[in-house]
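Q: Hi! Could you walk me through this structure in plain words?
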Amino acid sequence: MRKNYKIDVDCANCANKMEVAANDTAGVKNAVVNFMTLKMQVEFEDGADAKEVMGRVRENCKRVESDCEIFI
Amino acid sequence: MNRKQRKNLLRIIAAAALMIGLNFVEVAGAERFALYMVPYLIVGYDILIKAARGIKNLQALDENFLMAVATIGAIVLAVYSGSGDYTEAVAVMLFYQIGEWFQSYAIGRSRQNISALMDIRPDYANIENLGRLEQVDPSEIETGTTIIIQPGEKVPLDGVVVDGNSTLNTSALTGESLPRNVAVGDEVLSGCINLNGVLKVRTTKLFEESTASKILDLVENASSRKSRSENFITKFARIYTPVVVGSAVALAVIPSLVTGDFATWLYRALIFLVISCPCALVISIPLTFFAGLGGASRAGILIKGSNFLETLSKVKTVVMDKTGTLTRGIFEVDAVHPISTNCISENPTEARQILHYSAHVEKYSTHPIATSIRKAYPAENDGCTVENVEELAGLGIRAEVNGNVIHVGNEKLMEKIGAAWKPCDRLGTIIHVAVNGAYAGHVIVADKLKPRAKKSVEELYRAGVNRIVMLTGDLKKVAAKVAGDLGIGEYYAELLPAQKVERLESILSEKSFAVAFVGDGINDAPVLARADIGIAMGALGADAAIEAADVVLMDDDPLKISRAIEIAKKTLAIVRENIYFAIGVKVLCLALGAVGIANMWFAIFADVGVMVLAVLNALRALSA
C-alpha cells in the first residue's frame, strides 16, 4: 500500500533527514520525500495500519527536525 | 511569502530596529544585559529551542547548536570580561536568521514556479446527469463513462472523443506549446487543457492509469534516488560538524593552557564555530539537484532521480534506435512516380492523378499504408464515385472509380493483371497503380526522418558526445541511408530486439564513460533498462518506456536528448562550483579566525554571504 502525504519543511537537507527518519520507522517499507513538491510518499509494510505508522513517522521526523510537519 | 516567512521577517526587522536603537541608550550592568536580551531573544528564541531539543534527542551537532553555542558564548564572554558588548551575539543571530529567511523565500519562489508548470492534476470531471452537468472526483469514474470537457478545463482522464472538436494545449505534458486539434475518434490525454470547443469524451482508462497520474507519480518520486554528490554531502555533514566542534574545543583549551589567556582563545573558538557552520553546502547541493530536475521537467524532460542527472552529465556515447527516435515511425508518401517520368523527375499533374485514384481505392482500408496515402491526398471527398471495392489478400485492392477499374497493390498484383510494372530504386514500400489494366506508376511510402533529427545529431556532438551509434531492426540499405543523411558514422542494421541488447553490451564493455540509449520504448524496453542511462522518447502513451527508462522525454523531439545532457552538465557544474566555493571560503575564514585576524562580524558575514551566493547559484539550475 502506498500513500502520499503533504509535508512542510524549510530546507532541502532537513527533507533528507526526514526521509531517513521515516525509513527507519517500523511499518514503513520505503519512504520518499520530495522537497520540491513538499510531498512524502510512504509505502507501508503489508498489514501495517497507515494511520498508526504515520503517527510514529511524524514523531521520528520531529525528533530530527523539530520544524517539520506531516499532514496526516 | 507565507505566514511563517512574514512572521520571521517581522522578527528580523524588530530585532534590527531595537539593536540600532539600543546604540543610543546609555546603560550599563544588569540593565544593559536585560535590554540587549530583548532583540536577541526576539530573533533567536526558535534557534535556542531547536538546539535544546536537538540535545535532548541526541541530534545535537547541527547548525542550530553551532549558532546557540557561539552566541551564548559571546554573551558569557561579554559579561565575564565586563565589556558589555552584546551586539556581536545579537548580530550573529540576526544575520543567521536573515540568511535562513532568504533561503526559504528563494526556495518558495522557485517551488511555485515549478509546481505551477507541473499543475496537471485534474480536480474534477463533468458528467451529465439528467441534463445537468455534475462535477465528480475523477478517481471515481469508471472506464467507458462519457465525460464532458468544457473550454478552459483540464482533460481529467484519458479517452476518445465521441462528440465535438477542439484544440488542446499539451504544454504541461510535452513542454511545447504546440496546440493539437482533436475531433471525433481522436484520443485525448489527461493533463492537456481544452482551449475552445466542448468535448464529449468516452474514458478509456481509470484515473490512476491515466497519463496525468502517471506523470505526476514520476515527477513526485523523482528524488528517490540520490546522487553521489548528495550522499557525499550527507556523509560530509555527519563527520564535519563533530570535527569542527572538537577543533573549537581544542582551540579554546590548548592554547589558553599555554598562554593563560582563556578569554581570547574562547572568543576565537566561537568565531571558528560560526564560520564552520556547513549551511551553504548542506542547503545548496540538494537544492541544485532539485532545481536541475525542476528545470528539466519544465523543458518536458523527466529525470527519475538526481543520480541519473549525474550520469547523464558524463555521457560520451549515445546509442540510438532508428524507428520512432530518428525517424517518425509512421509511414508517409515520400514520392509519386508516374510511368512517364521513369523514376526521376515527377510530373505534378499525373502524380496527383495517381494519388487521387489510390486514395479513393484505399478509402475503406485501415492499413497504415492506406492511411498514409489518404493523408497525402486530403481532398478525398470530391464527389467521385467509388464502387465495387474488393480487397485482394496479399496483393492489394481493386475498385472502380468513376467507372475506371483501378488496381492498387504490389508487384504480384501487377503481374496478375498483366500490367507492365517498373521497379524503383527509391527506398521504401512501393505501391503500384494500374488504371484499366494499364500501368500508371507507383507511390513510394516510407518512414521519414524527423524534421529535427539532423540538427539533434549535430547538437549531441556539440554537447560533448563523441560517439553516436544507430541500432535498427530495419534493412541495411535503409539504415545506411538514414545514417548517411544524419551524419552518423556507426550503425548496425537488421537486429532483432535481443541482438540490440547484445550490441549495447559490447559497446558498454569497451567504454569507460557513460553510455546512453535512446529509444521509443516499443520493443526496446530491455535495451533501455540495460544502458547506463535509458532515455525514452515520446512517453505519451508508451507505458513500458516510462517503466524501463531513467529519463523520459515527453514528446518525440530528438533535440531534447542533447538538451537533457546540457541541463545535466550545467547542474553538475553548479554543484561543483558550490562545493569548491563554499569549502574554499570556509577554510580560508577558519584559518583567519584561528590566528585571530577575523572577528565575529567577519565570521557571520562570511557564513551568510556564502550561503546566499550558493543558494542563488543553485537556483540557476532551474533555468538551465
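Q: Which domains is chain B divided into?
A: Chain B has domain 1 (1-117), domain 2 (125-220), domain 3 (264-326 + 450-624) and domain 4 (329-449). The bounds come from an automatic or database domain assignment. This is a predicted model, where local features need pLDDT of at least 70, side-chain atom pairs count only at pLDDT 80 or more, and totals for chains, interfaces and linings use all residues. Residues are numbered from 1 along each chain as its sequence is written, while chains are lettered from A and ligands numbered from 1 in the order in which they are written.

Q: And what separates the centres of domain 1 and domain 2 of chain B?
A: Taken over C-alpha atoms, the centres of domain 1 and domain 2 of chain B are 51 Å apart.

Q: Okay, sheets next. What is the strand order in the open sheet of 3 strands in chain B?
A: The order is E6-E5-E8 in chain B, with antiparallel pairing. Strands (E, at least two residues) and helices (H or I, at least four) are DSSP runs, numbered from the N terminus. Two strands pair if DSSP finds at least two bridges between them.

Q: Which are the edge strands of that sheet?
A: Strand E6 (179-182) and strand E8 (193-194) of chain B, each of which pairs on one side only. Strand E5 (residues 166-169) of chain B pairs with E8(B) over 2 bridges, and B:Leu168 has B:Asn194 in E8(B) as its bridge partner.

Q: What are the bridge partners of B:Gly159?
A: B:Gly159 is partnered by B:Val188 in E7(B) and by B:Thr203 in E9(B). Strand E4 (residues 159-163) of chain B pairs antiparallel with strand E7 (residues 187-188) of chain B over 2 bridges. E4(B) is also joined to strand E9 (residues 199-203) of chain B by 4 bridges, again antiparallel.

Q: Which strands pair with E18(B) in the parallel sense?
A: Among them are strand E11 (residues 315-321) of chain B, which pairs with strand E18 (residues 467-471) of chain B over 5 bridges, and strand E19 (residues 490-492) of chain B, with 3 bridges to E18(B). B:Leu471 of E18(B) stands opposite B:Asp321 and also opposite B:Tyr492 in E19(B).

Q: How does the chain cross from E18(B) to E19(B)?
A: The path goes through helix H15 (residues 476-486) of chain B, and this β-α-β crossover is right-handed. Right-handed here means that, with the strands pointing away from the viewer, the path from the first strand over the helix to the second runs clockwise.

Q: Switching to helices: how do H14(B) and H19(B) cross?
A: The axes of helix H14 (residues 453-462) and helix H19 (residues 559-594) of chain B come within 7 Å and cross at roughly 20 degrees. That makes H14(B) roughly parallel to H19(B) (angles under 35 degrees count as roughly parallel, over 145 as roughly antiparallel, 65 to 115 as roughly perpendicular and the rest as oblique). Axes are lines fitted to C-alpha atoms, for helices over the stretch in contact, and angles run from 0 to 180 degrees between N-to-C directions.

Q: Last topic: what is phi for B:Asn402, and where is this residue found?
A: Phi of B:Asn402 is near 50 degrees, a positive value in a residue other than glycine. Most residues other than glycine have a negative phi. B:Asn402 is in the loop between strand E14 (396-401) and strand E15 (404-409) of chain B.

Q: Is B:Asn402 buried or exposed?
A: B:Asn402 is exposed, with 12 other C-beta atoms within 10 Å (a residue is buried if 20 or more other C-beta atoms lie within 10 Å of its own, exposed if 12 or fewer, and partly exposed in between, with C-beta atoms placed from the backbone).
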